[in-house]
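Please view the sequence and the model together.

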Amino acid sequence: MGTTPPPAASTAGRAVLAVSLLAGFYLLAAAVVLGLLGLDVALYAALGHVNLGLLKIWALTAVVAYPVLRVVFLTRRPRGDADGGLLLTREQQPGLWARVDRIAELTGVRGPAEIRLVPDVNAGVREDTRLLGLIPGKRHLVIGAPLLIGLTEGELDSVLAHEFGHYSNRDVRLAGVTVAGRSAILHTVGTLHRRADRHQAEKAAEIAAKDAARLAKDRKSTGEEADGGVQRALAKVFTLYAKLYFRVSEAVSRRQEYAADRTAATVAGRAATASALRRIPALDAAQGFYLDRYATLGWDAGALPLPGQFYGGLAHLLADPARRRELEELGLPEGDADPYDSHPPIDRRIAAVEALPDDGRTAGEGGPALALLRDPERTLAALEAATLVPEAATKQHLDWPELLQAAGLAGSREAARPVRQALTDSGLPPTLQALLDAVDAGRGFEIAGRLPRSEQSAAATGRAAREFLRPVLRAALSRAAVLELAEAGLAHWEFSWSVPAELRLPDGLEDELPAALDAAVADTPETGPLRALLAAAGLVPASAAPADGPLRK
């Protein structure tokens with residue numbers, strides 16, 4: 001696998017060609033508009049007068065020309081607060097600003113006018129340029145909170161130096177123009193496709209209404225199919241041109257990444273740069289796992305972690321030895337490089353960095369990067385307030401064990417909801433006691449028949465139907481028992497950063513529960529063992545309902 005960046009001469013040639021193609025993108029748009037205008041003029045000159053046919057042709061050319069003018073030349077790309085996140089001022093975070101200023105100075109570039117903290121595994125410098133990057137403007141730095149949480153100061157220095165390195169490397173002078181060009185072309189093509197999608201949806205609704213009216217009159221449907229109209233055709237044309245541009249500019253963008261990595265290695269050290277490149281993909285995976293399994297586990301239960309822990313709790317996950325080993329084993333992404341990706345494959349970037357001369361520095365210099373923030377917990381809490389959806393403000397905040405308990409209880413209630421509904425539909429109280437009494441009265445399989453089950457089970461009859469319903473009833477008894485134990489505070493979920501949460505039942509119940517459930521769903525049901533276990537746990541009376549009680553059908 002090669003690790004050497006493309007030669008500078010080859011890249012410079014491609015940069016010139018990319019800029020030429022960028023100009024050609026706009027020339028193509030201008031040619032479409034001017035060609036249509038020329039066609040209109042030529043037709044008028046040939047006819048010498050205006051008639052209905054000419055007006056129709058002019059209307060058709062206007063339909064084609066307008067989207068090109070509107071999207072390519074007149075649409076402005078969003079600016080301003082596009083970075084989002086939490087603004088960090090010099091007064092609020094002097095330590096982080098000092099670090100950023102130092103890295104900018106070492107890379108020999110102008111530093112940012114503002115820093116924003118964002119919740120993503122990301123860092124970047126954006127500049128408010130004009131004329132596709134030819135005229136510089138205000139710079140904005142975004143830093144992802146997971147990077148501060150998961151990197152050392154030395155590794156963060158490497159990330160910052162890489163981002164500033166995009167502005168310090170003079171070997172790719174036209175890189176800024178090519179990057180801005182990619183953004184402009186992507187915006188144009190994306191807007192054309194969105195307009196085409198909107199047109200197609202409107203056309204589909206119109207056809208559906210027309211077909212409904214025809215069917216109401218016992219007439220056949222029109223058979224029409226909606227399409228994206230002129231916008232779709234234009235989008236396809238400009239997409240083909242965009243692909244050509246991206247293939248040509250790819251070498252320029254990738255060489256810029258290699259050059260920025262060399263700048264990072266010079267400023268922060270070879271080891272820290274290679275380590276950061278390895279750690280960031282793993283951090284991205286860890287962040288996704290953490291948000292899904294921990295930070296949002298109590299969302300449906302109306303609960304969130306304590307302020308500052310929704311994002312900050314990632315530090316606990318990374319600090320756990322078992323999880324750290326998993327993180328280290330995640331490895332690098334595999335697969336072939338995307339020919340349109342502006343970044344080289346990360347394993348090649350690491351190999352290129354490690355091929356640089358050893359500078360004697362280590363990856364762990366400076367301690368955890370989170371220490372650069374003043375009052376990290378409060379800062380992360382402010383990030384939550386700035387980035388979470390408004391509904392988050394209505395949630396209660398709990399520590400991790402309480403959060404897990406709330407989530408587990410909510411999950412148990414949801415799992416037991418079908419059996420509670422089945423009991424209610426059968427005219428019984430939605431309780432475990434009522435379910436046990438129903439089983440003793442011979443109505444257990446009747447209740448199970450009201451629960452969700454497979455089509456095969458629903459179609460079965462006789463003995464086969466009972467065999468299909470037996471595990472359904474057993475699961476319903478188990479879920480109802482667990483819910484009432486949890487609601488009574490007799491069962492809890494054990495929190496861990498190392499392994500999935502585990503449900504803990506009262507002593508002895510966990511081992512003996514399977515046999516008691518089996519007895520309750522036998523052909524001759526016996527709920528006594530299950531009642532005895534629950535009674536020993538302090539939940540329900542051990543006595544069963546009399547055989548000739550009111551539940552007997």
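In what order do the 4 strands of the open sheet stand? The order is β1-β2-β4-β3, and the pairing is mixed. The model is predicted: local features need pLDDT of at least 70 and side-chain atom pairs pLDDT 80 or more, while totals for chains, interfaces and linings use all residues. Residues are numbered from 1 along each chain as its sequence is written, and side-chain values use heavy atoms, without hydrogens and water.

**Sheet**
- β1 (86-88) and β3 (123-127) each have a single partner strand, so they form the edges and one side of each lacks a neighbour in the sheet.
- From one strand to the next, the twist averages 25 degrees (angles run from 0 to 180 degrees between N-to-C directions of axes fitted to C-alpha atoms, for helices over the stretch in contact).
- β2 (residues 114-118) pairs with β4 (residues 139-144) in the parallel sense over 5 bridges; pairing requires at least two bridges found by DSSP.
- R116 has V142 in β4 as its bridge partner.

**Helices**
- Helices are DSSP runs of H or I with at least four residues, and strands are runs of E with at least two, numbered from the N terminus.
- Helix α3 (residues 94-107) packs on the sheet and touches β1, β2 and β4, where contact means heavy atoms within 4.5 Å.
- The direction of α3 makes about 115 degrees with that of β2.
- Helix α5 (residues 153-168) lies across β3 and β4, at about 25 degrees to β3.
- Of the 16 residues of α5, 15 are buried, so the helix is largely enclosed by the rest of the structure (buried means under 20% relative accessible area, exposed over 50%, partly exposed in between, with a 1.4 Å probe and protein chains only).
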